[in-house]
Amino acid sequence: MCFSMFYSVQVKMIYSIYLQLLLACLFFFQRATCIDGGSDWYYQEAQSHPCQRPCLPGDVRTCYYRFSIEWYWAFSKACYDCPHTLSDCYRKDCVLAGGVERFITVVNRQMPGPSIEVCHGDKLEVEVENMMDDQTTSIHWHGHHQVKTPYMDGVPFITQCPISPNSVFRYTMQVTNPGTHFWHGHTGWQKSSGVFGPLVVRSAPSAEDSLLYDFDLSEHTIIINDWTRVTDMDKFQFFVQSNGNKSPEAIFVNGMGRYFNDSIPLTHTPLAVFTVQKGFRYRFRLINSGAHDCPVDLNIDGHPITAIASDGSDIEPVTVDSLVSYAGERWDFVLEATSPLNNYWMRFTGLQDCAEDFAKVHQVAVLHYKGVPEREPKDPVGYNIHSKAKLQLNPPNVALNQTGTLSVPALIASTRTQDPVLLHDPDMSVILSYDFNRAIHTMYAKHYLYGSNQVDPSFQPLTPQFNHVSFKMPHSPLLSQYSDVDPSIFCENHNLTDCNTTFCECLYVMEVPTNSNVELILIDIGEPFDANHPIHLHGYAFRVIGMDRLGESVDEELVRKLNREGRLVRNLENPPLKDTVTVPDGGYTIIRFHANNPGYWLFHCHIDFHMELGMNVVFKVGKDEEFPPVPDGFPKCGDYKNDNMKLNSYS
């Protein structure tokens, strides 16, 4: 029984905070990662960053990190004789990636990359060095709102020029919003190749925290990512230029795991291990850094999951049997270590393109109780070998209030505020519908050579778009070099009347007045096939006030009609705050945000294939004069066309 159960709430709070501070101080000097080796488990020391500390009022620091981004090789010679000699699997610079060799891109030769753990109010400086010879790069701080620092958002050609080869760019920002976030590459396929890592912003412990959990430790941060045996560039080109599939083959947990053929392990690299002590409650931070249409359902043998936060914002606790996360989402949950002393499977089951009809992608990690032999559980492992959830949080593609499910709009934000987006009707209403448009992307099909009429339709992937338009990137950043952007590429200068049958591409920018209340109705028409799209907004958290699936597919005009008649269900009683949300296939999701952060902010599907094909929109919040000034010496980029250049003549 937990020691703190014998004390009053006040004493329990002091005891819990004391334990958290004590453990944090211990971990500052030395951290240990427990590793399963069958008969033996090894321990690996990890050095802490000075800013990974107990968060105390008034203790504000400048936290400096250096990232070196480079090409690398998974399961390289740095792994020596892994997995036959288990200790070799934990050598410095050994990136396991499930024990299958392939080309990767990484930060500081780690996957995941370095964990940034800071306190609310700190100043964060990350110096990014591009060590690649022929690729640009950039880093996005997913979930960090960049208040007054929009130039640090890390989106090439929107907020900055990409970082050139052999160049350095220093991201500088004030840590303004606490919670579980992450950082990742925002250029090409770098995130899906290994450029990602946690960004955890803690606040000083509070009385509310002590009522929910006893410990919030770095060792209980979980970052998952889907993975392919070949690079995503290979996968994507095979998909758009031929008839390759787009399903991943594995899911990794903190960079660890195995390839499976359903219940049969195909590789034997180590698994992630999370250690707890019986009688205590632990805060876990789950980050989904996936790149594909592969939502991941987490369930833990013998343990319910109590969700307490999503995308960095607290919610009223809800206890469920399983929790689904989508690419870009973060969920904090409490695990009570009250089950019999043992080792338990933590099961990560892939859905959608990872589901049973496709690749049966799944992964396991170990929940280890101190005091029992350190071995893998004996229970069987397989795609469907786990107890069926009686209550699943955040399920894909379900109708409102479907039995056994709990969707995001039913959650309640734990902090009640006078949010203007809930108190007033929206100043601006936007409907963004999308689907896989049958207008083939012209970059991947030439109409008279190998267009949809010349080759087998299976060789012509459909194009995911917002409002039947593919987003076209400018050649110079909108935020810092707007005057250099070619006006002809903006959508307002295009005829967009036949885009449902003709491929349309332009720079899709929506202007939003500062301090306006914006409502977005997102509609997934859902005609070609069952899919799922996690949608992410930079620069803001939004309220999720509605979500429903109306059928296997839905007509946009029907949703508009229901909206005009007031028949779309909206929850305006303190709905949750998020920055990434799914939309049911054949349904809608309604979100609202208060536009008080001027800048150019990307709004996009967080599936890499869909983003690459143009499933993006930019919100321009405020007027140019309301933006913070461009930092001194900020890099410039763009086209060079000098028709008047005179060439010297040489004899």
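This is a predicted model: local features need pLDDT of at least 70, side-chain atom pairs count only at pLDDT 80 or more; totals for chains, interfaces and linings use all residues.

Reader: To which residue is Cys161 joined by a disulfide?

Author: The general idea is a distance test: two cysteine sulfur atoms within 2.5 Å make a disulfide. Here Cys161 is joined to Cys637, with an S to S distance of 2.1 Å. This pair links distant parts of the chain, 476 residues apart: Cys161 sits in the loop between strand 7 (139-142) and strand 8 (168-174), and Cys637 in the segment after strand 38 (616-621).

Reader: Is the disulfide of Cys161 and Cys637 left-handed or right-handed?

Author: One reads this from the torsion about the S-S bond. For Cys161 and Cys637 the torsion is about -100 degrees, so the disulfide is left-handed.

Reader: How many disulfides does the structure hold?

Author: The structure holds 8 disulfides. One of them is formed by Cys79 and Cys94, whose sulfur atoms are 2.0 Å apart. Because the torsion about the S-S bond of Cys79 and Cys94 is about 100 degrees, this disulfide is right-handed. Both Cys79 and Cys94 lie in the loop between strand 3 (62-74) and strand 4 (102-107), so the pair ties together parts that are 15 residues apart in sequence. Cys79 and Cys94 are buried.

Reader: What can be said of Cys491 and Cys506?

Author: They form a disulfide with sulfur atoms 1.9 Å apart, and with 90 degrees about the S-S bond this link is right-handed. Cys491 is in the loop between strand 28 (470-471) and strand 29 (505-506), while Cys506 is in strand 29. Cys491 counts as buried at 10% relative accessibility, and Cys506 is buried at a relative accessible area of 0%.

Cys605, by contrast, is in no disulfide; the nearest cysteine sulfur belongs to Cys294 and is 13 Å away. Cys605 counts as buried, at 0% relative accessibility.

Reader: Is Ser429 buried or exposed?

Author: The cut-off for exposed is over 50%. Ser429 has a relative accessible area of 56%, so this residue is exposed. Ser429 lies in strand 26 (residues 428-437). Sequence separation and spatial distance should be read side by side: Ser429 and Ile521 are 92 residues apart in sequence, and their C-alpha atoms are 7.8 Å apart.

Reader: Where is His441 placed, and which residues is it in contact with, leaving aside its neighbours within four places in sequence?

Author: His441 is in the loop between strand 26 and helix 5 (447-450). With those neighbours left aside, His441 is in contact with Thr463, Ser470, Phe503, Glu505 and Leu613. His441 is buried, with a relative accessible area of 5%.

Reader: How many bridges join strand 32 to strand 35?

Author: Strand 32 (residues 533-537) and strand 35 run antiparallel and are joined by 4 bridges. Across this pairing, His533 stands opposite Val583 in strand 35.

Key: Residues are numbered from 1 along each chain as its sequence is written. Side-chain values use heavy atoms; hydrogens and water are left out. Helices (H or I, at least four residues) and strands (E, at least two) are DSSP runs, numbered from the N terminus. Buried means under 20% relative accessible area, exposed over 50%, partly exposed in between (1.4 Å probe, protein chains only). Contact means heavy atoms within 4.5 Å. Two strands pair if DSSP finds at least two bridges between them.
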